[in-house]
There are 2 protein chains.
Amino acid sequence: MTDINSASANSPLETLSWQGGRPGHVQMVEQTLLPTEFLELEVRTVDEMVDAIYRLAVRGAPAIGVAAAYGVLLGVQDLTGSTAQEVMASLKETCDRLAKSRPTAVNLFWALERMSACAESSAAASASGDEIIGALFEEAASIHSSDKDTCQRMGAHGAELIRDGARILTHCNAGSLATGGMGTALAPIYTAAQQGKRVSVYADETRPLLQGARLTAFELMRAGIETTLITDNTAGWVMREGRVDMVIVGSDRIARNGDVCNKIGTYSVAVLAREHGIPFFVVAPLSTFDMTIADGSRIPIEERPSEEVTNPFGRRIAPEDCKVYSPAFDVTPARLVSGIVTEVGILRNPTSYAIEAAFKDAGLEIPDLLDSGAVKGTSALR
Amino acid sequence: MTDINSASANSPLETLSWQGGRPGHVQMVEQTLLPTEFLELEVRTVDEMVDAIYRLAVRGAPAIGVAAAYGVLLGVQDLTGSTAQEVMASLKETCDRLAKSRPTAVNLFWALERMSACAESSAAASASGDEIIGALFEEAASIHSSDKDTCQRMGAHGAELIRDGARILTHCNAGSLATGGMGTALAPIYTAAQQGKRVSVYADETRPLLQGARLTAFELMRAGIETTLITDNTAGWVMREGRVDMVIVGSDRIARNGDVCNKIGTYSVAVLAREHGIPFFVVAPLSTFDMTIADGSRIPIEERPSEEVTNPFGRRIAPEDCKVYSPAFDVTPARLVSGIVTEVGILRNPTSYAIEAAFKDAGLEIPDLLDSGAVKGTSALR
């Protein structure tokens with residue numbers, strides 16, 4: 001369960017890892033200091049993990065899930081010799097504390113529920129306290145390795161699309177900093193580089209929160225991949241100048257027909273790519289598909305506070321009382337998507353038919369579509 | 001020659017004006033403090049004008065020309081009773097000092113040459129010192145009023161395109177802050193509002209230098225025009241959501257075939273507008289046309305320093321040594337331009353044929369095309 005966490009050529013950064021067996025601790029990139037400072041935290045207590053999640057030292061839905069699972073281990077690992085009841089009580093108390101760290105993070109609850117269910121299953125089978133703790137260690141390792149494995153499979157499938165010398169444009173950050181593995185959109189790029197292909201990347205800075213400048217440029221440069229930062233409004237021009245061979249982005253949610261919800265600006269990039277005959281690929285695991293919604297028009301778009309646009313660094317760049325429209329996401333229609341790279345393969349020119357078939361092939365249940373009418377709420381997106 | 005300079009409903013800001021007759025002084029918006037502070041400078045000496053131009057307190061090619069002409073007046077207005085020779089000597093010294101304020105500003109030299117030629121013509125006609133000064137006052141007033149007049153004509157022609165209730169997207173700042181009048185791209189918007197039409201504007205923030213957030217939002221809000229600030233990468237999505245009826249932008253240089261060079265990001269906006277069936281208009285005086293170049297491929301694009309992207313407010317947002325590509329301008333092909341609004345009318349779906357005809361109708365000489373081969377240099381754009 002231990003791991004190294006050092007930079008090497010074409011190797012993605014590992015944003016968090018368990019160190020030292022049992023008992024052990026979590027090593028984690030302190031993302032709030034990026035890109036100006038690279039520091040790795042040692043997280044040794046539940047309180048420290050709650051603080052790290054709350055402060056966004058760790059972020060990205062899959063990475064938060066892994067962090068929560070490891071947080072559970074920090075809460076129970078010292079109970080050697082305790083009864084099953086004592087371990088279960090401590091587990092519940094630990095989960096309650098972790099759940100409060102970031103109450104809107106879907107993967108946080110998913111991971112805590114999976115850890116609880118594992119312990120309950122062991123307890124129901126009359127396991128001892130030590131055996132329950134052992135089962136929790138295995139479950140956390142499984143959550144992390146499964147996330148890594150999914151990233152690697154997406155990387156392997158996506159790398160087939162990348163030719164030697166490819167110049168790739170990406171938007172926002174869907175890389176190793178957001179997952180327990182090598183990321184989604186960036187996984188095929190890391191994999192292609194590891195295969196010896198020469199790849200270079202244009203990273204959109206991605207206003208307002210600048211994840212492209214702060215995170216994508218950082219993690220790609222650290223892995224030795226040639227990266228050029230551009231402002232978002234330069235994306236069309238670099239395509240026009242013939243500098244881009246393909247676009248690869250991640251996704252926050254994909255509708256049953258293949259419409260892709262992702263960071264604001266993705267839609268513009270997709271339109272520009274189509275105008276220039278450049279393929280536009282999305283990389284996302286099957287868990288990103290929301291099979292209950294027929295198309296992207298039913299995805300609610302969260303609006304962000306205007307201050308993120310007007311006061312980007314505590315410094316005001318627009319007039320007082322300036323009205324701002326700042327949707328966090330947009331939806332790219334499936335017709336602009338050349339393919340969706342998943343852990344089970346590439347869905348080219350995605351359609352409902354092909355997506356449903358992929359779910360069936362993977363043995364996944366396909367839920368009913370929601371009834372008519374727009375989906376309510378504004379924060380359903382992870 | 002005096003003027004008021006106060007805000008009122010639908011009236012554009014006057015970025016600079018001559019106050020108090022002869023002798024008088026220049027009143028000028030201190031643009032370096034915008035948008036957080038609105039302050040008007042009183043510029044009373046040549047040194048103060050040199051400083052104002054150097055510090056970018058006044059900016060925009062036409063506005064700099066007007067400022068330079070007024071700067072000449074500041075240098076000679078107190079020479080009442082001096083000989084013609086004394087006035088001419090003072091004029092030369094004044095022009096030399098002003099010329100050093102911003103050596104790359106084409107309009108600065110154009111205005112200084114026009115002022116010098118005026119004085120020489122008077123002197124050649126045996127005018128007295130006082131008469132030469134009088135002629136210079138008239139010439140400066142003429143430079144300013146001609147700039148204002150051109151803006152107003154473009155505004156009147158362009159306003160015909162704007163229907164009541166129109167929602168207009170613009171990029172960068174081509175408004176009253178950049179000219180001696182009501183601007184280029186913003187002139188039709190101000191004019192339509194003055195005609196009683198309800199208009200609202202989406203202003204792209206325009207990275208890296210944020211002229212849309214800092215200047216366009218400021219001057220439109222001050223004129224009482226409803227303005228919504230968006231990040232550049234939101235432009236496509238607001239079109240997709242059906243929030244935009246037309247796009248209006250300015251231009252730094254237009255080729256003989258109608259290809260339009262303007263602030264980086266304009267090309268992306270034009271592609272996105274076409275995708276959504278939204279008309280894309282450019283507003284520029286005939287002086288913006290470069291009739292010596294056949295098309296936009298011959299326009300050299302200046303690259304800006306990477307720090308403007310990586311250190312937007314003295315604060316680093318990207319990794320050390322991050323490679324940046326930051327072209328200052330892009331070129332929108334004429335086929336994406338619905339029309340070019342000039343002071344002599346609207347050139348719809350512009351072609352070389354129509355542009356040449358407009359020049360002939362206006363009695364303007366059409367120079368020969370440059371020989372084959374790309375234009376050299378990187379800073380030919382104003």
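**Eight strands form an open sheet, drawn from chains A and B.** The order is S12(A)-S6(B)-S5(B)-S4(B)-S7(B)-S10(B)-S14(B)-S15(B), and the pairing is mixed. Strand S12 (323–324) of chain A and strand S15 (345–348) of chain B stand at the edges. Each has a single partner strand, so one side of each is left without a neighbour in the sheet. Two strands pair here if DSSP finds at least two bridges between them. Strands (E, at least two residues) and helices (H or I, at least four) are DSSP runs, numbered from the N terminus.

This is a predicted model: local features need pLDDT of at least 70, side-chain atom pairs count only at pLDDT 80 or more, and totals for chains, interfaces and linings use all residues. Residues are numbered from 1 along each chain as its sequence is written, chains are lettered from A and ligands numbered from 1 in the order in which they are written, and side-chain values use heavy atoms, with hydrogens and water left out.

**Strand S7 of chain B pairs with S4(B) and with S10(B).** Strand S4 (residues 167–170) of chain B runs parallel to strand S7 (residues 246–249) of chain B. These two are joined by 2 bridges. Look for Leu169(B): opposite it in S7(B) stands Val247(B). S7(B) also runs parallel to S10(B), and here 3 bridges join the pair. One contact to find is Val249(B), whose bridge partner in S10(B) is Val282(B).

**Strand S10 of chain B is covered on both faces.** The strand spans residues 280–283. Phe280(B) and Val282(B) lie on one side, and Phe281(B) and Val283(B) on the other. Are these four buried or exposed? They are all buried (under 20% relative accessible area; exposed means over 50%, partly exposed in between; 1.4 Å probe, protein chains only). Strand S14 (residues 339–342) of chain B runs parallel to S10(B), with 3 bridges between them. In S14(B), Val341(B) stands opposite Val283(B).

**Strand S10 of chain A has parallel partners in S7(A) and S14(A).** Start with S10(A), residues 280–283. Phe280(A) and Val282(A) point one way, Phe281(A) and Val283(A) the other way, and all are buried. Strand S7 (residues 246–249) of chain A is joined to S10(A) by 3 bridges. Ile248(A) has Phe281(A) in S10(A) as its bridge partner. Strand S14 (residues 339–342) of chain A is also joined to S10(A) by 3 bridges. There, Val283(A) has Val341(A) as its bridge partner.

**Chain A also holds an open sheet of 4 strands.** Follow the order S11-S8-S9-S13, with mixed pairing. Which strands are at the edge? They are strand S11 (289–290) and strand S13 (329–332) of chain A, and each pairs on one side only. Strand S9 (residues 260–263) of chain A pairs with S13(A) in the antiparallel sense, over 4 bridges. Cys261(A) stands opposite Val331(A) in S13(A).

Pro35(A) sits in the loop between strand S2 (25–29) and strand S3 (40–43) of chain A. Pro208(B) lies in the loop between strand S5 (200–204) and helix H7 (211–222) of chain B.

**Thr206(A) and Ser126(B) have positive phi values.** Phi of Thr206(A) is near 70°, in a residue other than glycine. Its loop runs between strand S5 (200–204) and helix H7 (211–222) of chain A. Thr206(A) counts as buried because its relative accessibility is 0%. Ser126(B) is not a glycine either, and its phi is about 60°. Ser126(B) is in the loop between helix H4 (106–124) and helix H5 (129–159) of chain B. Ser126(B) counts as exposed because its relative accessibility is 66%.

**Stepping back, chain A comes to 11 helices and 15 strands.** Its C-alpha atoms fill a box of roughly 65 × 50 × 45 Å, taken along the principal axes. Of the 382 residues in chain A, 60% are buried. Take contacts (heavy atoms within 4.5 Å) between residues at least 6 apart in sequence: 75% of them join residues at least 24 apart.
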